[in-house]
Amino acid sequence: MDKNNVSLYVPTLDDYWYEQKLLGDLETMYYNAGYESNVEGYDYNTGCITFEPDKWKEKYESRKNAQHFIAYIKDEDKWVGLVSYHYDLERKIYTCGVLIDANERDRAYAKKGLSLLIDVAKKDGVQTLYSCFEDGRGNISAVFESVGFEVIKTYEWTRFNEPTKGVLVRIKL
């Protein structure tokens, strides 16, 4: 990967097949399994999220506002993952995330994608971004910290009915 060739691509409705592929891939979504979640289409046992074509237009329309941004991470001519942020009405914060295709991990795409997402959020007037994830999940903590996020809170979660620790991270833009 040449970091200069990595960019963000805002998908059209016709591109949502890629998001469907990512969310339905067992290797890509394994980290997401075992949590209680109210996300539509979430599978507790696999972590996958069903994203069928009949839901694409509704999701596409809901993402057209200033409080939601999603882009696919593109390396030259292929997509390798996605980044997003949205305003969480319940917590009154902007939350963000990164999802890298399992076949493309460990190539610095998460770091580059997050860096580009931060640039977009700044331009959009977002003042602070947050994310939460399981503490110790691969190198994701190091990736977020490498682009300026800091841990501000720890949580006790349950995964597959066993206690696990989670973290809330924040970056002020």
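**Reading strands and cores**

Leucine 82 stands opposite leucine 99 in S4. This is a predicted model, in which local features need pLDDT of at least 70, side-chain atom pairs count only at pLDDT 80 or more, and totals for chains, interfaces and linings use all residues. Residues are numbered from 1 along each chain as its sequence is written, and side-chain values use heavy atoms, with hydrogens and water left out.

Q: How many bridges join S3 to S4, and in which direction do the strands run?
A: Strands (E, at least two residues) are DSSP runs numbered from the N terminus, as are helices (H or I, at least four residues). Two strands pair if DSSP finds at least two bridges between them. Here 8 bridges join S3 to S4, and the two run antiparallel. They form a hairpin with 4 residues between them, and lysine 92 in the turn has a positive phi of about 60°.

Q: Is S3 enclosed or open?
A: Buried means under 20% relative accessible area, exposed over 50%, partly exposed in between (1.4 Å probe, protein chains only). In S3, 8 of the 11 residues are buried, so the strand is largely enclosed by the rest of the structure.

Q: Which residues touch the most other members of the largest nonpolar core?
A: A nonpolar core is a set of buried Ala, Val, Leu, Ile, Met, Phe, Trp, Tyr and Cys residues joined through side-chain atoms within 4.5 Å. The largest one has 29 residues, and Tyr85, Val98, Leu129, Phe144 and Phe149 touch the most other members. H4 gives the largest share of this core, 7 residues. A second, separate core has 17 residues, including Tyr18 and Met29.
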